[in-house]
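Biologist: I am new to this structure and would like to go through the site around its ligand. Please take it one question at a time.

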Amino acid sequence: MTFSIHGLAVAGGIAIGRAVLVASSHVDVAHYFIQPEQVEAEIERVRKGRNAVVEELQRLQVEMPADAPHELTALLDVHLMLLQDEALTGGVKHWITERLYNAEWALTTQLEVVARQFDEMEDEYLRERKADLEQVVERILRHMKGVADPVTPSASSPRRKTQQELLLGDTQDVPLVLVAHDLSPADMLHFKQSVFAGFVTDVGGKTSHTAIVARSMGIPAVVGARAASQLVRQDDWVIIDGDTGVVSVDPSSIIFAEYGFRQRQVELERERLARLLHTPAITIDGQRIELLANIEQPGDSAAAVRAGAVGVGLFRSEFLFMGRSGKLPDEDEQYRAYCEAIAGMQGLPVTIRTVDVGADKPLDKGHKDGHLNPALGLRAIRWSLADPAMFRTQLRAVLRAAAHGKVNLLFPMLAHTHEIEQTLAQVDLARAELDARSVPHGPVQLGAMIEVPAAAIMVRSFLKYFDFLSIGTNDLIQYTLAIDRSDEAVAHLYDPLHPAVLRLVADVIAAGQALGKSVCMCGETAGDVGMTRLLLGLGLRSFSMHPAQILAVKQEVLRTDTRKLAAWVGQMLDGNAPAAALAS
Ligand code: PEP
Ligand code: MG
């Protein structure tokens, strides 16, 4: 049955493929394709895992005391029955043989299929057996971890099918799109090198960190698609329109053809933009604009250079700290990561932001910090200052890496003068600690994120302490308008054009200019081509964004004459400009 779901468009482009439903609890499971000759070995891995669980349960049955409650013995019987059930075992074989999924992926995929069948059962008792099935699969997965090493992931992604093949609905070797209820930013990162051509999640706002990571991957994505993970079935054909936020499920051949055409248009546009790679970003009236990259992992920096970035304007270092079950990276590990990012930039500057966990970036998956309002809680610099020893470990690592290239050190979410003073004192202390150990370190420029309204309003006193500023519009908008950036229910109120936001931005830029200090913008607004002319009109000369956006923004820069923008920008600041003027 054809239907469409509307969500929030967060990463542009069109993805056409079959749905892979991944339960939030199974996003950690490896997803990769095996080679045809590995099929037997993968089936064997599942069989061994299953047999181990059968033995374990049978042992439990034997050891069960005679007076054990009847429910317990019945439960073991149910689990054993489910383990032998053809619906599970046959299905798993199907995914491995026909689709070349690795064993764990095949198992969790089949779990989703069978779980849906349980959901649809009339009988309540049978419906509740879904939980048993999930437990059984968990056990198999646990055993499989111990059973022989998984086969090496195949480096090759599935070959993209032609439109004709797509229309024929061939079941093998077609692109896949991932549909999940929720994905944390770390989960998303986990899928970075994966086989998926697109992403859909039920929850998430436009500038949630999950959306940001999706955008950085340059793969079409829609978040906030409400019940998508309920409505879409495993293996359904799905078209993700990452520009409009529309997800078409089981589309008709006409819709297929239309999107296939649009997909090719996007490709052509990309090829056209690639010609701007070596063109300097200078406006018609000769203003030189700095276009920098936002990165999440050290290995991203080389790709940033290839995309035309003249430096990294924001390295979100927190991704080094996430998903490690609390075991944070030590000084040497961080030092190596920062050195890798610096080396990848080949002499271009790298701005490393100190760790910004909390709010929608939990350190560990499923870890809720228990605070009522995490976005207003112990996140970013507050978290770092709450544990000065941990903070200085990071500072020492950055200072050491600064001996190998141009490094700027950026602090997130500062609001108070005493926070600034404590932060700078920790930097001095970190330097002194390195000196005491006779460890070489390099000079760094120090910068503050302006992402809390208090910081924007007090920007002149911030400038006394810092060499540069970076405007974090994602949070600045969230905190100015009191809109949770990761809540799709209020996403329509999240407005970068709100005059209050624009005035704060304008004032920060003007204050920096007056003192000859650089002001960059590294929030998502900086990479939004619809905003480029306005930001140039506000005086912004340094933009940091996902590498994939750089050439499109450059194209806007090349078309802009900043001398002609003053009157319109004045109207925008007053909230009087017609919205259509933005696009013209
Ligand atoms: C911002 O808030 O705009 C920003 C760049 O930081 P983050 O998105 O990581 O919070
Ligand atoms: Mg921020």
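**The shell around ligand 1**

Modeller: By class, the shell around ligand 1 has eight charged, five polar and four nonpolar residues; Asp, Glu, Lys and Arg count as charged, Ala, Val, Leu, Ile, Met, Phe, Trp, Tyr, Cys and Pro as nonpolar, and the others, Gly among them, as polar. This is a predicted model: local features need pLDDT of at least 70, side-chain atom pairs count only at pLDDT 80 or more, and totals for chains, interfaces and linings use all residues. Residues are numbered from 1 along each chain as its sequence is written, chains are lettered from A and ligands numbered from 1 in the order in which they are written, and side-chain values use heavy atoms, with hydrogens and water left out.

Biologist: Which element gives the largest share of the shell around ligand 1?

Modeller: Helix H9 (209-216), strand E10 (312-316) and helix H19 (473-481) each supply at least two residues. Helices (H or I, at least four residues) and strands (E, at least two) are DSSP runs, numbered from the N terminus. The largest share, three residues, comes from H19.

Biologist: How far is a polar side-chain atom of Arg 353 from an oxygen atom of ligand 1?

Modeller: Arg 353 is among the residues that come nearest to ligand 1. A polar contact is a pair of N or O atoms within 3.5 Å. For Arg 353 and an oxygen atom of ligand 1, the distance is 2.8 Å.

How values were computed: A residue is near a molecule or strand if one of its heavy atoms lies within 4 Å of it. A polar contact is a pair of N or O atoms within 3.5 Å; within protein, one must be able to donate a hydrogen and the other to accept it, and residues adjacent in sequence count only if both atoms are side-chain atoms.
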